[in-house]
Amino acid sequence: MSAVADLYTIPQEHLDFRDTIRQIAQEQIAPRAAEIDRTGEYPHDLRKLLGEQDIFGLAFEPEHGGTGTGTLMLNMAIEEIAKADASVALMLMVQDLGTLPVKLFGSEELKDRFLPKCATGEWTPAFALSEPEAGSDPGGMITSARKDGDDWILNGTKCWISNAGIADWYAVFAVTDREAGHSRGITAFVVEADRPGFSIGSYEHKLGIHGSPTGSPVFDDVRVPAENVIGEVNKGFKVAMGTLERSRLGAAAQAVGIAQGATDYAAAYARERKQFGKPINSFQGIQFKLAEMETKTAAARELLYKASTKVDRREPDLNKFTSMAKLFAADTAMDVTVEAVQVLGGYGYTQDYPVERMMRDAKITQIYEGTSEIQRLVVARTLS
Ligand code: COS
């Protein structure tokens, strides 16, 4: 590919919509962030707001009621919302993550049945891959599905599932051919939350992202019809991997947003805070920190936008760039938020200021949608 074709430009309409989302996020979401973090209550009203403002539609094509504006625009939106509140950004991320298996691999019937109501926000999806004994290694999952006539019957437990308890339906991965070997005989299913035998066994008490419920869905002889199979039987691992190589950019966008939010807050604080008779941003020790935070965040954003553009251009072999973007953005968010707490000193360590929340929220970006170690593994495999 030529150097010019490798560049990306951001259409003016994207920039305009980003500005609108920035305003909504700063005026209507940011003021709620501390309270959501403190109470751990899911903000249903903000979810409604994202639906009304067509922000959930960003994750969908026009034929399914979406905006059809693509991955770059979606990730710019996630970034803006994460600057204000990472939990609310996760709502938009999971609206994409949970529906990607159906969007990429589902039958037309599944798409028509599930996508339009997710595009408006009326329905909430979830992505159920991880298990207590299968996190970084989902190919070793235990949850199973066996055929019974035309139906499938699922048994097992998933864990660390975002949107647990509030999702209307789950994209669930289960072993359908135990003999096929590691990562092979797995199938993806849609499981509606109101099916008999489905329940949430427990919820996690987490370090951050308090506004988003995380839990362990349990499948106890849950019966689903053959129409609920996503893609081909026994090809579910490719559904999971094809989903994650795109959805990881949502986590990267969330990380960039958290990092920018922390940098902006620390820079503004350093302009006002005086010690030794001067604003602390006149000291080189603080200046260098802020410069480093801004630089790393900008570099993470470039990787994110480049990888997002590759998805929009339907380029093959997305893995390398999406994993590099996710890895660099997540590590940046962690580094930058730790430094933001340091810039605020004693105040930064208290809940009266938002940077400690940002630091706690940043940590998950190095863990979910594939740990930073898994991203290094994926990138390294492209070099061997
Ligand atoms: N798209 C389509 N197919 C893919 C793929 C992709 N991006 N990546 C791998 N595959 C296919 C491979 O081609 C292989 O196919 P065959 O069986 O036909 O040969 C199959 O999937 C197995 O691939 P591989 O041997 O590479 O699988 P591994 O078990 O070694 O796993 C990693 C690879 C580690 C990358 C994978 O397990 C992973 O992503 N782990 C992290 C999981 C994760 O992100 N969890 C978070 C859950 S969501 S919060």
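Which elements each supply at least two residues of the lining of the second largest pocket? They are α4 (70-84), α5, α6 (100-105), α7 (108-119), α8 and α9 (284-312), where helices are DSSP runs of H or I with at least four residues, numbered from the N terminus. The model is predicted: local features need pLDDT of at least 70, side-chain atom pairs count only at pLDDT 80 or more, and totals for chains, interfaces and linings use all residues. Residues are numbered from 1 along each chain as its sequence is written, and side-chain values use heavy atoms, with hydrogens and water left out.

**View 1. Residues surrounding the ligand.** The ligand is surrounded by 22 residues (near: a heavy atom within 4 Å). The closest are S136, R184, E245, R248 and R381. Helix α8 gives the most to this shell, with seven residues.

View 2. An N or O atom in the side chain of R184 is 2.8 Å from a ligand oxygen. For K238, a polar side-chain atom lies 2.9 Å from an oxygen atom of the ligand.

View 3. Among the 30 lining residues, E61, T71, L100, L104 and R314 are the closest to the pocket's centre. Helix α4 gives the most to the lining, with five residues.

Note on methods: Polar contact = N/O pair within 3.5 Å; in protein donor to acceptor, adjacent residues only side chain to side chain. 1 Å grid on protein atoms, 1.4 Å probe; cavity = no way out; pocket = protein on both sides within 12 Å on 5 of 7 lines; lining within 4 Å.
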